[in-house]
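Below is a short report on a two-chain model. Start with the confidence scores, then move on to the folds, the contacts and the cores.

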Amino acid sequence: MANTHNHDGHDHSDGGHEHPAAPMVDEISDFEVLELAVRELSIEKGLFTAEDHRAFSEWNDARSPAAGSRMVAKAWTDPAYRARVFEDPLSASKEVGVDWSEPSGFGTTSDYMHMTVLEDTPTLHHVIVCTLCSCYPRPILGHSPYWYRAPNYRRRIVRWPREVLAEFGLVLPPEVEVRVEDSNAKSRFMVLPVRPEGTDGWTEDQLAEIVTRDTMIGIAMPKPGRTSDGPRPIHKASRPVHSGGRPREAAP
Amino acid sequence: MSASSVDIQEQAPGQYVDLRRIELLESLRNEEQTWAKLAPRWCVTNPDPPWQVCLDATCDALSAGGTLDSLERRHAEDELETVYSTIPNPERQLLALAHIMVSRGLLTEEELALRLSNVRARLEAV
């Protein structure tokens, strides 16, 4: 498809290039400037070093749910690996290229090196949350989606799991038990969903494609043809948050 | 909710962060500058702005250095949700971080204002 761009009244056609450059935002936003200003001042004040920042940036940039997808697909096809996923999830993570001790040698300060993989069955479904804040298995699933961090999800999924799952489009029959696993400051969880029907003979790569982020959080089920999650709504909480997990009178 | 109750709400000190509005950050609270508006304006399809990785790294580095623990920051972000409710994420996360740092005295509003203008001038110098 030939692209034609018009900037300042001048037309620039692709001139037959098969892969036109991806468009970019040619505008410096206040937020881009603010991010840089906060970072530079922090480094100047010695709150962290430029090297620290580079290491965490590279680590963050490399995170995605792909490692989790690979772990699930491998567990579906290799019974010995599946057993390791439950027995020693950190070592099973290494087999799909994720070392939880990176980037500091003892992980990040918010991703404690403890993980549990939750096994779904045809009659048991898991969904994860962090009611306290937004603990999430970042090394293996990448960054948490913003709806996961929102107080609205955190408050309601533990009270009305079936209803909230239905809002995400996942309607579970009454005979399926639902367990909501609440992460805490030192525990991370990931769901290993049931391998769907219609995937016999699939390769690990094919299977990994249908294991999306949402299926490993537990708000969706993998199925043939479903290879992306799409946008999810972020609902506001009607009451503001004034707590931090401990009663006000207990605060120092 | 009446206007007066909103005022009371916003002036209430949070448990983790002072919720009083910060003039400099108020001036940056412009929805038109958010990635949700910028990206479609420039036909860019990345779901997140390029600076988000750097913001997350700043938060991680602040926590690793013992300056601002990640859990405390998340509690403060939750409390600030009402102050920056009109701005989507990740811009809200960034405003909240700047708010927390100013309110805790890690940065002053004046030095941040000066740096903002320096950074912009540098980025626009070509």
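## Confidence

Chain A has an average pLDDT of 87, and 87% of its residues score at least 70. pLDDT is the predictor's confidence in each residue, from 0 to 100. Two stretches of chain A fall below 50: residues 1-16 and residues 243-252. Beyond near neighbours in sequence, residues 1-16 have 9 contacts in the model, and residues 243-252 have 8. Two residues are in contact if their C-beta atoms, placed from the backbone, lie within 7 Å. Where pLDDT is low, the predicted coordinates should not be read in detail.

This is a predicted model: local features need pLDDT of at least 70, side-chain atom pairs count only at pLDDT 80 or more, and totals for chains, interfaces and linings use all residues. Residues are numbered from 1 along each chain as its sequence is written, with chains lettered from A and ligands numbered from 1 in the order in which they are written.

## Layout of the chains

Chain A is assigned domain 1 (31-61) and domain 2 (66-217). Such bounds come from an automatic or database domain assignment. The centres of these two domains, taken over C-alpha atoms, are 30 Å apart.

Chain B has 7 helices and 0 strands. Helices (H or I, at least four residues) and strands (E, at least two) are DSSP runs, numbered from the N terminus. Of the 126 residues in chain B, 44% are buried. Buried means 20 or more other C-beta atoms within 10 Å of the residue's own; exposed means 12 or fewer, and partly exposed lies in between, with C-beta atoms placed from the backbone.

## Where the chains meet

In the interface, 52 residues of chain B contact 46 residues of chain A. On the chain B side, helix 4 gives the most, with 11 residues. That side holds 26 nonpolar, 15 polar and 11 charged residues. Here Ala, Val, Leu, Ile, Met, Phe, Trp, Tyr, Cys and Pro count as nonpolar, Asp, Glu, Lys and Arg as charged, and the others, Gly among them, as polar.

## Nonpolar cores

The largest nonpolar core has 41 residues. A core is a set of buried Ala, Val, Leu, Ile, Met, Phe, Trp, Tyr and Cys residues joined through C-beta atoms within 7 Å. Leu34(A), Ala37(A), Leu97(B) and Ala98(B) touch the most other members. Beyond its neighbours within four places in sequence, Leu34(A) contacts Leu28(B), Leu94(B), Ala98(B) and Leu116(B).

A second, separate core has 39 residues, including Val129(A), Ile140(A), Ala150(A) and Val191(A).
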